[in-house]
Each structure stands twice: as structure tokens, then as C-alpha cells.
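Hi everyone, thanks for making time for this.

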Amino acid sequence: MKTIFILIGMLSFATAFSQSKSKKTGVENAIKMYAQLGDKQDAPGFTHLLHQNYRLVWYGGKDAPFIADKANFISQFEKKEWGGDERSVQIESIEIVDEINAVAKAILDGQKAQMRSLFTLIKVEGEWKVIGELVNATFK
């Protein structure tokens, strides 16, 4: 009887872990896509991935933070002023709240720079949209 309860408990934990992991997969995919679009300088690709109210806050601790809205952000890639690096993506943590809001901590590491970012995402019509990024960059 004890064995049955232990097995049921283990299966319940495994199921919960599996469901939790699958919920996080969409957030992971959105962040990986974000990095790929930047690496390829694919400005049009950002149009779908970024929420209409997207904001980038870039703060290195010295001067006032640089803040870019969606249009300004995309224009930097159109002008080829940003991106063009091939970065690895290491997602350190993801927290999903009420299945529609998410915060993720990630490191995007390339040959030109390393970006340590906190991403905020919201689920709109079943798709994760990046609505904000707080980033600190170290240039190599």
C-alpha cells in the first residue's frame, strides 16, 4: 500500500513537472527567436514577436538609461546599427504568472557582446509577445 502511494506521488510530481516545463517552452522559444532575429538583423521579424507597447531599457549603471520603444528598436536593426552577431542563449530562469505573464532571466553571449537581460512577456491570443527587456551589455 505504501508503495502505491509513493508511486502515485512520484507520478503526480512528474506530471506537474512536465506540464510546468511545457508551459515554459513557449517563453524559451520566444526568447530564442528574439536572439535569432537580432543576430540576423531581421527587423521585419521583430514586428510580430514584439508587443505594440514594447520597451527596451538599457542601463549600464553610469549615465541615464537608454529607452527605446518598438519603432526605435526595430529601426536600429533596419539601419544595421544593432545585431549581426551570433549569440548563444542561456535561459537562467522563467517565472510564469497566471499563465499569461512571464519574466525570464537570460544571457545572450556573442563575439561582440554579452547581454544579461530580464525579459517580460505576455501571452496574447495564445502567443508569447516580448513586451520589455531590461538589459546590461558588456562589449568585448
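Let's begin with a nonpolar patch on the surface, formed by Y59, V103, L118 and L134, with about 340 Å² of accessible area together. For the bookkeeping, patches are built from residues with over 30% relative accessible area and no salt bridge, joining like charges within 9 Å and nonpolar side chains (Val, Leu, Ile, Met, Phe, Trp, Tyr) within 5 Å. The areas are Shrake-Rupley values with a 1.4 Å probe, and for residues only the protein chains shown count as cover.

Before I go on, a word on the source: this is a predicted model, where local features need pLDDT of at least 70 and side-chain atom pairs count only at pLDDT 80 or more, while totals for chains, interfaces and linings use all residues. Residues are numbered from 1 along each chain as its sequence is written, and side-chain values use heavy atoms, with hydrogens and water left out.

Back to Y59, which sits in the loop between β1 and β2. Helices (H or I, at least four residues) and strands (E, at least two) are DSSP runs, numbered from the N terminus. Y59 has 38% relative accessibility, so it counts as partly exposed; buried is under 20% relative accessible area, exposed is over 50%, and partly exposed is in between, with a 1.4 Å probe and protein chains only.

Now the sheet. In what order do the strands of the open sheet run? The order is β2-β1-β6-β5-β4-β3, 6 strands with mixed pairing, where two strands pair if DSSP finds at least two bridges between them. β2 (66-69) and β3 stand at the edges with a single partner strand each, so one side of each has no neighbour in the sheet. On average, neighbouring strands here are turned by 15° against each other, direction ignored. Those angles use axes fitted as lines to C-alpha atoms, for helices over the stretch in contact, and angles run from 0 to 180 degrees between N-to-C directions.

At the β3 end, β3 and β4 pair in the antiparallel sense over 9 bridges, and V97 stands opposite N101 in β4. Helix α3 packs on the sheet, touching β1 (50-58) and β2, and its direction makes about 75° with that of β1. Contact here means heavy atoms within 4.5 Å.

On to the charges. Side chains of opposite charge can pair when their charged atoms come close. Our cut-off for a salt bridge is a side-chain nitrogen of Lys or Arg within 4 Å of a carboxyl oxygen of Asp or Glu, and the count comes to 3.

R87 and D39 meet at 2.6 Å, N to O. This pair links distant parts of the chain, 48 residues apart: R87 is in the loop between α3 (70-78) and β3 (88-97), and D39 is in helix α1 (residues 2-39). Both R87 and D39 are buried.

E92 and K105 form a salt bridge at 3.6 Å, N to O, joining strand β3 to strand β4 (residues 101-109) across 13 residues. E92 is partly exposed at 39% relative accessible area, and K105 is partly exposed at 41%.

D109 and K140 meet at 2.7 Å, N to O, with D109 in strand β4 and K140 in the segment after β6 (127-139), 31 residues apart. D109 is partly exposed at 26%, whereas K140 is exposed at 63%.

Q41 lies in the loop between α1 and α2 (43-49), and, not counting residues up to four places away in sequence, touches F77, K80, W82, G83 and G84.
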